[in-house]
Amino acid sequence: MAKGAVVATAVVVCAASAVAVGVAVVVSRRRRRRREAEDERKRKAAAVVEEVEQAFSTPTALLRGIADAMVEEMQRGLRADPHAPLKMLISYVDNLPTGDEHGLFYALDLGGTNFRVIRVQLGGREKHVVKQQYEEVSIPPHLMVGTSTELFDFIAAELEKFVGTEGEDFHLPDGRQRELGFTFSFPVHQTSISSGTLIKWTKGFSINGTVGEDVVAELSRAMERQGLDMKVTALVNDTVGTLAGGRYVDNDVAAAVILGTGTNAAYVEHASMIPKWNGRLPKSGNMVINMEWGNFRSDKLPRSEYDKALDFESLNPGEQIYEKMISGMYLGEIVRRILLKLAHDASLFGDVVPPKLEQLFILRTPDMSAMHHDTSHDLKHLGAKLKEILGVPDTSLEARYITLHVCDLVAERGARLAAAGIYGILKKLGKDKLPNDFSQQRTVVAMDGGLYEHYKKFSSCLEATLTDLLGEEAASSVVVKLANDGSGIGAALLAASHSQYAA
């Protein structure tokens with residue numbers, strides 16, 4: 001080979017080698033940059049998660065402080081302190097069901113995005129509830145922010161349809177008017193057992209023209225427009241209804257708590273312990289108090305940046321602070337806000353933030369629960385939910401596990417804060433310790449609402465936390481149990497005990 005050719009070949013080989021080395025260096029740098037970027041992304045994700053863990057921490061000492069603040073606010077509300085966040089509303093229910101009630105009675109349960117119409121045939125102490133039927137109706141979203149007439153006309157029309165399906169198993173004596181217990185699960189200033197004016201809407205409702213009006217009169221006018229001959233004989237809050245329904249089957253029920261779309265609590269108070277009660281003391285010596293505890297607020301509540309932003313952007317900023325931390329309306333939304341922060345700050349779902357993740361309330365609490373209860377090794381069900389709800393086609397295993405952890409943090413905090421509230425009620429009643437006579441007297445808290453009934457990790461955490469707060473000895477005399485549909489049955493029972501035909 002000619003000397004020139006050899007030199008040329010050597011030059012080409014050297015050049016090729018240089019290019020290969022250069023390419024290798026570039027690839028190596030790109031890999032290193034990718035590793036560094038991935039390490040930085042993971043560091044940012046870990047920092048956000050650690051911040052959430054700290055903000056959502058609820059040590060037992062904090063919960064005890066919250067319970068004490070709850071007792072203090074209960075006492076302020078019973079004194080009619082105008083600045084008390086808990087209004088401690090008098091229900092005018094001073095006699096809970098005895099089991100002697102007879103006849104056909106209806107109930108309407110309006111308390112969230114759905115309402116129920118219920119009928120029961122009561123057979124007295126021996127037969128109790130002979131027959132029961134109900135239907136559940138979804139409220140179209142536009143009616144939740146429409147007018148009072150539109151909402152109540154829709155409800156009355158559905159009630160009229162339901163009455164039309166009354167079968168032979170239900171018996172209304174000749175000459176009698178059908179009677180209804182109206183469970184209305186919003187703050188009301190009650191003026192008698194069958195009348196009350198709306199204080200404000202909650203749970204996503206914002207309807208013009210109803211605040212300050214008698215809600216029984218609104219419903220009665222709507223029923224008249226439908227040609228429905230029915231009389232409202234009891235206006236009942238959902239928790240008061242749950243308390244009545246619980247007491248009907250268990251005489252040891254002392255309080256009721258709703259944990260569903262919204263949240264509230266009611267309990268039986270000694271009438272002599274209600275300074276704002278001006279009338280004669282009831283013969284029973286007791287009065288059911290509707291706490292409206294969703295509006296509880298205290299500096300001790302661990303409000304995070306996500307809670308504050310949610311409240312600021314809500315329909316009722318500055319109100320229902322406790323509800324916004326523990327109820328089904330809001331838990332999924334809190335998770336969404338945390339995931340959005342992770343998507344923005346740590347590219348949790350890729351370089352592009354999923355557009356649907358920006359939508360308020362797109363992540364509902366039932367979806368959060370479904371993700372939280374995924375026990376598959378690769379969290380495939382959680383991944384499917386993220387794809388279905390957020391439109392993320394493929395999530396990493398890391399993203400799925402972080403999402404699971406966020407669900408756990410939000411649910412656990414909500415459950416523990418709810419348990420602190422129940423503990424506060426028990427403290428107010430002096431039921432947080434064993435009786436001095438060491439009797440085996442039980443104290444039962446009747447629970448209702450889809451969040452408590454269906455979100456098992458939430459309810460299990462609530463019960464375990466309450467046991468921890470009470471201590472094992474005192475906890476042995478406290479029973480927390482589901483009173484499914486208690487509010488509907490309770491309203492029908494109270495309609496019966498306050499019937500215009502009662503002896």
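Predicted model: local features only at pLDDT ≥ 70, side-chain atom pairs only at ≥ 80, totals over all residues.
Residues are numbered from 1 along each chain as its sequence is written, and local features need pLDDT of at least 70, while side-chain atom pairs count only at pLDDT 80 or more and totals for chains, interfaces and linings use all residues. Side-chain values use heavy atoms, with hydrogens and water left out.

Rings of Phe, Tyr and Trp (its six-membered ring) were paired if their centres lie within 6.5 Å, with planes under 30 degrees apart classed as stacked, over 60 as edge-to-face and the rest as tilted. By this rule the count is 14 aromatic pairs. Phenylalanine 184 and tryptophan 201 form an edge-to-face pair, with 5.8 Å from centre to centre and 70° between the planes. Phenylalanine 184 belongs to strand β5 (residues 178–184), and tryptophan 201 lies 17 residues away in the loop between β7 (195–198) and α5 (215–225); helices (H or I, at least four residues) and strands (E, at least two) are DSSP runs, numbered from the N terminus. Both phenylalanine 184 and tryptophan 201 are buried, a term for under 20% relative accessible area, against over 50% for exposed and partly exposed in between (1.4 Å probe, protein chains only).

Phenylalanine 186 and phenylalanine 205 also form an edge-to-face pair, at 5.1 Å centre to centre and 70° between the planes. This pair links the loop between β5 and β6 (188–192), which holds phenylalanine 186, to the loop between β7 and α5, which holds phenylalanine 205, 19 residues apart. Phenylalanine 186 counts as buried because its relative accessibility is 1%, and phenylalanine 205 is buried at 3% relative accessible area. Phe182, Phe184, Phe186, Trp201 and Phe205 form one aromatic cluster.

The charged end of arginine 119 sits over the ring of phenylalanine 162, 4.0 Å from its centre, and over the ring of phenylalanine 170, 5.3 Å from its centre. The criterion is NZ of Lys or CZ of Arg within 6 Å of the ring centre and within 35 degrees of the ring normal.
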